[in-house]
Amino acid sequence: MDPSRPPLGRGSFLSSSVHAGTALLLLLVLLATLLRLPISISPRATAPATLADQRPQEPQQQACDPASPLDCADPRLFHLMMRRAIDAFPAVHFARFGRPVPGDPSSSSCDMAWRARSDSDDPSKATTKDYRRFAVARDPRTCAYSVLSIGEYHSGPNARKPRRAATNATIAPPPPPALSRSQFARGSYLAYLGGGDRCKPMPHYLRSLLCALAETRYLNRTLVLDLTLCLAASYAAAGTGGMPEEGKRLAFYVDVDHLNSQVPIIEESQFWADWDRWGLQGQLRARLVEDTRVPPVKFSKVRDTLIVRKFGDVEPGNYWYNVCEGEAKGVLRPMRRAIRWAPSLMHIVDDIVTRMQPDFDSVHIDSNGDDLRRRVEEGLDAGRQVYVAGEGVNSALVEALKAKLTVHHLGEFEDLWGTDSKWFLEMRRLNGGVPVEFDGYMREVVDREVFLRGKKKAEVLR
């Protein structure tokens with residue numbers, strides 16, 4: 001044995017291995033640097049993550065159980081429901097979607113509201129609101145969502161935003177709080193007393209109301225208004241004796257909240273109760289005007305708390321709308337934008353239009369005679385879906401038109417104002433628990449508004 005060579009023991013072998021390993025590691029680092037590969041200092045290589053590794057673990061799999069409540073707030077489900085709605089209703093222009101909420105059952109449905117406008121709607125009008133129920137399924141293995149179906153109009157009530165003071169109770173709305181003396185004294189008021197406008201046809205009443213609103217606006221005052229009406233006998237239901245009907249409320253027909261936003265209004269009974277309390281003490285002044293020919297410019301500068309226009313007993317000189325004639329015509333213009341139909345009536349209109357779908361034609365009939373069917377068919381295209389409105393509609397005409405057209409008329413939709421309808425419950429609430437009849441003028445309003453929603457409109461007149 002050569003004494004100059006060290007013995008080949010375990011220590012020398014490890015030392016050589018370490019040097020060799022170090023050199024190999026340096027070489028690998030150099031190669032990795034040149035190739036820009038990731039470097040791991042883990043002593044054992046880690047397998048790359050796979051899709052299987054990303055599946056929920058056992059505790060998370062309970063959320064995919066088809067019997068568990070849906071997470072309707074999940075953005076993925078929200079976007080899927082929006083896409084399905086857009087695809088399902090190509091003729092509808094969506095303006096805004098509301099966040100989905102659990103439906104019934106919560107394990108397989110979500111309710112979502114939206115605001116939209118159809119192709120047939122006037123672009124200048126406001127969008128209408130709908131809320132629908134979406135049937136949703138989940139894959140038990142992947143948790144993937146799928147929308148199975150979308151319900152009918154207003155089928156998703158859980159997504160409906162509660163309307164202020166809307167309830168199924170039959171309690172009358174509370175009266176407005178009484179004004180303090182200082183609040184009452186700071187106001188300025190205009191009151192119309194008497195006149196021959198009661199128990200007239202509704203167009204007559206509205207013409208007079210618009211005149212009173214115009215003068216109130218011109219004088220920058222608050223209108224003292226009786227919010228109850230007497231309807232003409234022509235609007236009464238058959239079998240009621242053909243008598244005018246007192247006790248109707250303006251809110252049954254007109255959007256009073258919108259009216260009040262255009263011109264301030266105070267309920268007549270409330271005003272006179274406050275006047276008896278504060279005004280009769282002699283410190284609040286009133287001015288009486290008994291001639292309708294006196295234009296408002298004559299007293300536009302007066303500072304009296306109250307101006308009273310008193311109308312006589314002789315018709316037609318005692319109609320309110322006479323105030324806007326003559327010399328006043330140049331300064332008093334009817335505020336037609338102040339009149340909007342009551343939301344309760346417009347909800348019926350929306351429901352009828354949705355049941356027919358937006359693509360329909362309409363015809364308004366104000367005529368009669370043997371040639372009526374021919375005159376209607378001449379104005380419309382065969383095979384179209386048609387809504388027939390007006391006083392000339394009868395069952396014989398409808399049956400005759402069905403040979404060439406898919407015909408609808410107001411009588412088909414009586415469930416929308418029946419005793420278990422939303423309209424009936426809301427009217428009973430407004431009327432202090434007393435049921436309200438769907439009278440002749442309400443029928444006129446709804447019938448005409450549905451006619452105006454038609455894509456192609458025809459008039460058949462006398």
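Predicted model: local features only at pLDDT ≥ 70, side-chain atom pairs only at ≥ 80, totals over all residues.

Residues are numbered from 1 along each chain as its sequence is written, and side-chain values use heavy atoms, with hydrogens and water left out.

Start with the second largest pocket, which has a volume of about 570 Å³. A pocket here is an open set of points on a 1 Å grid over the protein atoms alone, where a 1.4 Å probe fits, with protein on both sides within 12 Å along at least five of seven lines. The volume is the space filled by probe spheres set on the points, which are joined across faces, edges and corners. There are 23 residues in its lining, and those nearest the centre are Gly390, Arg443, Glu444, Val445 and Asp447. (A lining residue has an atom within 4 Å of a point.) Strand S13 (361–366), strand S14 (385–390) and helix H11 (440–452) each give two or more residues to this lining. Helices (H or I, at least four residues) and strands (E, at least two) are DSSP runs, numbered from the N terminus. H11 gives the most, with 9 residues.

Now stay with H11 and look for its partner, helix H7 (residues 343–356): the two pack at about 45°, with axes 9 Å apart. Axes are lines fitted to C-alpha atoms, for helices over the stretch in contact, and angles run from 0 to 180 degrees between N-to-C directions. On the H7 side, the contact (heavy atoms within 4.5 Å) includes Leu345 and Ile352, while H11 brings residues including Met442 and Val446.

Finally, the backbone. Asp104 and Pro105 are joined by a cis peptide bond, with omega about 10°, and Pro105 sits in the loop between strand S2 (101–102) and strand S3 (109–118). Another cis bond runs from Glu315 to Pro316, with omega near 0°. His154 isn't a glycine, yet its phi is positive, about 60°.
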